[in-house]
Amino acid sequence: MSNYLRTTAATTAIAIISLIALLPFYIMTIMGTYQNEDLFQKIVLIPGNYLLENLKTVADSRFDLVYLNSLIVSIASTLLSVFVSAFAGFAFAKHEFKYKRKIFAGVLLTMMIPGQLGLVAFVIEMRSLGLSGTLLPLILPWMANAFGVFWMTQFIRGAVPTEVLESARMDGCSDIGVFFRIVLAFIFPAITTLSLLVFLWSWNNYLLPLIMINKPELFTIPLGINSLGTAYRTDLAAQILGLTLGTLPVLILFAVGSKSFIRGLTAGSVKG
């Protein structure tokens, strides 16, 4: 088989797989253009004529405020998680201190405990601190992202040469300076990957906002979508349209950062 035929076959296969992967999003978008009752009568594959009414339903629910809340929570969570995880990963990967292995084992141990087990204690803690009824309970937990610490530790250990760090220290650079001037340049793919993951997890988080948020003006995307409709009627079509609108930022982020995301997943496994 010639190179041209192999390239054509690979391109065709990738195109088919891409279409299959995009099909659910296409169907979800199309379903948002129909009336609620129409969704139970037939399989919809072409756009309907109820888009404006569904958009009005979504807009009347103050979806712009819901969007803003989710952006605040997700961006703040991402920044805090990446910052703390990178610093902790640098310490675990390139520094020696007492009980280092035991502390790192403790971090890994928290990854094995389901987060739902600590919800009651977390709610009590937030109430005792007077943070209930705010967005902070949705942001602060990401400062203790065990996966982020593990991810950064492994990446820095394999991707950042110790010799470069020692040379910088010999030139009089402090540890903070080494981190910001040297380490960050090496771990940019890891930062991009972790940022995308944390943003996605925070954006789609439903359980914690459901427990901690009881004010409609503080609802995030999942709660805002769930609240669409009335006390007597669940408007599935409007909810699906809201879900489509809520998915767009994630799709845009992954489309823009896909190369860095893939590079971050693979670069840390190559030593040196």
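1. The lining of the largest cavity comprises 6 nonpolar, 5 polar and no charged residues (Ala, Val, Leu, Ile, Met, Phe, Trp, Tyr, Cys and Pro count as nonpolar, Asp, Glu, Lys and Arg as charged, the others, Gly among them, as polar). A cavity here is a set of points on a 1 Å grid over the protein atoms alone where a 1.4 Å probe fits but cannot get out, and lining residues have an atom within 4 Å of a point.

2. This is a predicted model, with local features needing pLDDT of at least 70 and side-chain atom pairs pLDDT 80 or more, while totals for chains, interfaces and linings use all residues. Residues are numbered from 1 along each chain as its sequence is written, and side-chain values use heavy atoms, without hydrogens and water.

3. The structure has 1 cavity of 30 Å³ or more. The volume of the largest cavity is about 60 Å³, taken as the space filled by probe spheres set on the points. Among its lining residues are Ser70, Val73, Ser74, Trp142, Trp203 and Pro222.

4. α3 (63–94) and α10 (188–204) each contribute at least two lining residues; α3 gives the most, with 3 residues. Helices are DSSP runs (H or I, at least four residues) numbered from the N terminus.

5. Helices α4 (residues 100–111) and α7 (residues 146–159) pack at about 130 degrees, their axes 8 Å apart. The two are therefore oblique to each other (angles under 35 degrees count as roughly parallel, over 145 as roughly antiparallel, 65 to 115 as roughly perpendicular, the rest as oblique).

Notes. Axes fitted to C-alpha atoms, helices over the stretch in contact; angles between N-to-C directions. 1 Å grid on protein atoms, 1.4 Å probe; cavity = no way out; pocket = protein on both sides within 12 Å on 5 of 7 lines; lining within 4 Å.
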